[in-house]
2 protein chains.
Amino acid sequence: MFAMQEIGHVRSPYKDAQEIPKGLGAKHETEGVLEIREEFEPGLADIEGFSHLIIVWVFDRSEGYSLTATPPSDNRPHGVFATRSPRRPNPIALTVVELLSREGRRLRVRGIDMLDGTAILDIKPYLSNVPEERLRRGWLAEAEAGAVREPFGT
Amino acid sequence: MFAMQEIGHVRSPYKDAQEIPKGLGAKHETEGVLEIREEFEPGLADIEGFSHLIIVWVFDRSEGYSLTATPPSDNRPHGVFATRSPRRPNPIALTVVELLSREGRRLRVRGIDMLDGTAILDIKPYLSNVPEERLRRGWLAEAEAGAVREPFGT
């Protein structure tokens, strides 16, 4: 087992999971603040130069896990590792946010999809994309195309 | 504190950190296998549809942390959260790999930069890129441009 500590938390307008946009075409333009604990502030030096950050956080309101999940964007179950379900063996979440500004140990960001008070484990600079022409998106692309929304239909 | 468990491990040709390409222009084309524990195999259902996966793993050979780090690609120290340094408050690493094939609970992938035996915490589908025209890469872009490689020079 590996023990992970909170390095800070999210200040978000979302107080309830129901409020967070989910599923196909969900836009995450919501702004919020990442409040890093005082002792870790020196770790933020030079972060302002990056437009996007990867936030590693904890689904800390999620309990237990299931090895299959039926996402809001589809009506078929998939293996949990082929989804972003919160109910996973390790409740670790990733969100890419846009860094708008920094004030000391507070980072104002756009694109949050976390609840208020969510524990942050790590922040990393977003460095590169996968070439678009090589990216395949499995069941999600199928769901978006509306090709197989009725698995028991004609 | 949050307790995280190993869901599997990496089979890699790298036995020593010195062997892993690092720094500017390092290419990660190395192939390896992600061996998921038997109990978690049902969680892999439908993962074959995705070309790229995000592997969440542990810098399990790293000890302690430092809030500043001088990366191999630069000669200036930066805050640890603006780098990919392994010596971070929570030793969590992310690698995007290309999924080549699946045999049961073994995923053959390209692009690994982990040591043999490294603990895996989670696997997620890679779903989307940041628009290239909006991506800024801070000190890394500067280092790549060779603009400031000699901070004490003329």
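Across the interface of chain A and chain B, 4 salt bridges are found. The model is a predicted one, and every value below was computed from its atoms. The two chains bury about 6,000 Å² between them, with 59% of that area on carbon and sulfur atoms, and a rotation of 180° with 0.0 Å of shift along its axis superposes chain A on chain B.

**The interface**

- The contact between the chains involves 63 residues of chain A and 63 residues of chain B, and in chain A the residues that lose the most area to chain B are Phe2(A), Met4(A) and Phe81(A), which together account for 14% of what that side buries.
- One salt bridge between the chains joins Arg134(A) to Glu98(B), with the closest N and O atoms 2.5 Å apart.
- Counting residue pairs in polar contact, with both residues at pLDDT 80 or more, gives 39 between chain A and chain B.
- On the side of chain A that touches chain B, two or more residues come from each of strand 1 (2-4), strand 4 (52-58), strand 6, strand 7, strand 9 (119-125) and helix 1 of chain A, and strand 9 of chain A supplies the largest share of that side, with 6 residues.

**Symmetry of the two copies**

- The superposition of chain A on chain B by a rotation of 180°, with 0.0 Å of shift along the axis, leaves an RMSD of 0.0 Å, and the two copies are therefore related as by a two-fold rotation axis.
- Within chain A, the C-alpha of Ala3(A) is the one nearest the axis, at 2.3 Å from it.
- Both copies use the same surface, since 100% of the contact residues of chain A recur in chain B.

**Salt bridges over the whole structure**

- Over all chains, a search of the whole structure finds 32 salt bridges.
- In chain A, Arg61(A) pairs with Asp60(A) in a salt bridge whose closest N and O atoms are 3.0 Å apart; Arg61(A) is partly exposed, at 48% relative accessibility, and Asp60(A) is likewise partly exposed, at 29%.
- In chain B, a salt bridge of 3.0 Å, N to O, links the side chains of Arg61(B) and Asp60(B), where Arg61(B) counts as partly exposed because its relative accessibility is 49% and Asp60(B) counts as partly exposed with a relative accessible area of 30%.
- Asp122(B) and Lys124(B) also meet through their side chains in a salt bridge of 3.0 Å, N to O, but here Asp122(B) is buried, at 0% relative accessibility, and Lys124(B) is buried as well, with a relative accessible area of 1%.
- Through salt bridges that share partners, Glu31(A), Glu98(A), Arg108(A), Arg110(A) and Arg134(B) are joined into one network.

**Nonpolar cores**

- The largest nonpolar core holds 28 residues, of which Ile47(B), Leu53(B), Ile55(B), Leu107(B) and Ile123(B) touch the most other members.
- Two or more residues of this core come from each of helix 1 (138-145) of chain A and, in chain B, strand 3 (31-36), strand 4 (52-58), strand 7 (92-103), strand 8 (106-110) and strand 9 (119-125).
- Leaving out residues up to four places away in sequence, Ile123(B) touches residues of both chains, including Phe81(A) and Arg88(A) from chain A and Ile7(B), Leu34(B), Ile47(B), Leu53(B) and Leu107(B) from chain B.
- Another core, of 27 residues, lies apart from the largest one and has Ile7(A), Leu53(A), Trp57(A) and Val97(A) among its members.

- Ser85(A) sits in the loop between strand 6 (78-79) and strand 7 (92-103) of chain A, yet it counts as buried, at 15% relative accessibility.
- Apart from neighbours within four places in sequence, Ser85(A) is in contact with Phe59(A), Ala69(A) and Val80(A).
- In helix 1 (residues 138-145) of chain B, the buried residues are Gly138(B), Trp139(B), Leu140(B) and Ala143(B), and the buried residues of this helix pack against strand 6 (78-79) of chain B.

Technical notes: Residues numbered from 1 in each chain as written. Chains lettered and ligands numbered in written order. Predicted model: local features only at pLDDT ≥ 70, side-chain atom pairs only at ≥ 80, totals over all residues. Heavy atoms only, no water. Buried < 20%, exposed > 50% of the residue type's maximum accessible area, 1.4 Å probe, protein only. Least-squares fit on C-alpha atoms with pLDDT ≥ 70 in both. Contact = heavy atoms within 4.5 Å. Helix = DSSP H or I, 4+ residues; strand = E, 2+ residues; numbered from the N terminus. Core = buried A, V, L, I, M, F, W, Y, C linked by side-chain atoms within 4.5 Å. Buried area = accessible area lost by both parts, 1.4 Å probe. Polar contact = N/O pair within 3.5 Å; in protein donor to acceptor, adjacent residues only side chain to side chain.
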